[in-house]
Amino acid sequence: MSPSTGSGQADDDAPDFAMRRAVEILASIYEQNRARRNVPPAPLDRPVVLTTERLVFALGTTTRAEVERAFGVAFSYPMRGWHTYAAREDGGRNFLSLFYADGTLVALEYYVPKADRAPGLAARDYGALRLSPGDVALGATTGSLDPRYVVAVGGPAPIVYAEAYEARFPGGVAYVMGNAGRIERLGLYAAT
């Protein structure tokens, strides 16, 4: 028997009632979110590009010949069709991988290599590489990300990166991915 109520019944039921109510609320929130359609964000009014001091990488515009004039010939990695450079920035070695269709840029990724078997490419100083708009850089905090980049809808799976953000634009989509609050990968992909 409880000294405060004169019966053990009320005190024993209180935690169970609170727990049941909390579960009901969480289940309701889950059902509302599950029923919500994956709707991508409204597209920006201009393309997202990757900029450096040497070149502006714009999907559907930048050519392989322009890139090779500014950066030289690339290494074929991580698979056939991708052309990769090692860039030295802020004391680190990052990879810039480009994919072309008919000699025109259709995809690019700028990232911190994670594979144990990544090639030992000599890193060169190409200057700062940033996504624009937003001046998005590798190593920056995801909390400082420009508000035009929103949580990705149906984008990269969270196997390698715990966080993924996107910005859609006419002709493509930009992804910003990271772990532990740090940006580790930037990607631009032409719309198919």
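## Secondary structure

The chain has two helices and eleven strands (DSSP runs, H or I of at least four residues for helices and E of at least two for strands, numbered from the N terminus). Read from the N terminus, their order is α-β-β-α-β-β-β-β-β-β-β-β-β.

This is a predicted model, in which local features need pLDDT of at least 70 and side-chain atom pairs count only at pLDDT 80 or more, while totals for chains, interfaces and linings use all residues. Residues are numbered from 1 along each chain as its sequence is written, and side-chain values use heavy atoms, with hydrogens and water left out.

## A three-stranded sheet

An open antiparallel sheet is formed by three strands in the order E2-E1-E7; two strands pair if DSSP finds at least two bridges between them. Strand E2 (56-57) and strand E7 (130-132) are the edges, each pairing on one side only. Strand E1 (residues 49-51) is joined to E7 by three bridges, and Thr51 stands opposite Arg130 in E7.

## The nonpolar core

Of the 192 residues in the chain, 38% are buried (under 20% relative accessible area; exposed is over 50% and partly exposed in between, with a 1.4 Å probe and protein chains only). The largest nonpolar core has 32 residues; such a core is a set of buried Ala, Val, Leu, Ile, Met, Phe, Trp, Tyr and Cys residues joined through side-chain atoms within 4.5 Å. Leu50, Phe57, Leu131 and Tyr149 have the most contacts inside this core. Among the elements that give two or more residues to the core are helix H2 (64-71), strand E5 (92-101) and strand E10 (172-179).

Leu50 touches residues including Phe57, Leu96, Leu131 and Leu188, leaving aside residues up to four places away in sequence (a contact means heavy atoms within 4.5 Å).

## Aromatic pairs

There are eight aromatic pairs, counted when ring centres of Phe, Tyr and Trp (its six-membered ring) lie within 6.5 Å; planes under 30 degrees apart count as stacked, over 60 as edge-to-face and the rest as tilted. The rings of Phe71 and Tyr126 are tilted, with centres 4.3 Å apart and planes at 35°. Phe71 is in helix H2 and Tyr126 in the loop between E6 and E7, 55 residues apart. Phe71 is buried, at 4% relative accessible area, and Tyr126 is buried at 4% as well.

Tyr175 and Tyr189 form another tilted pair, 6.0 Å centre to centre with 55° between the planes. Tyr175 lies in strand E10 and Tyr189 in strand E11. Tyr175 is buried at 10%, whereas Tyr189 is partly exposed at 21%.
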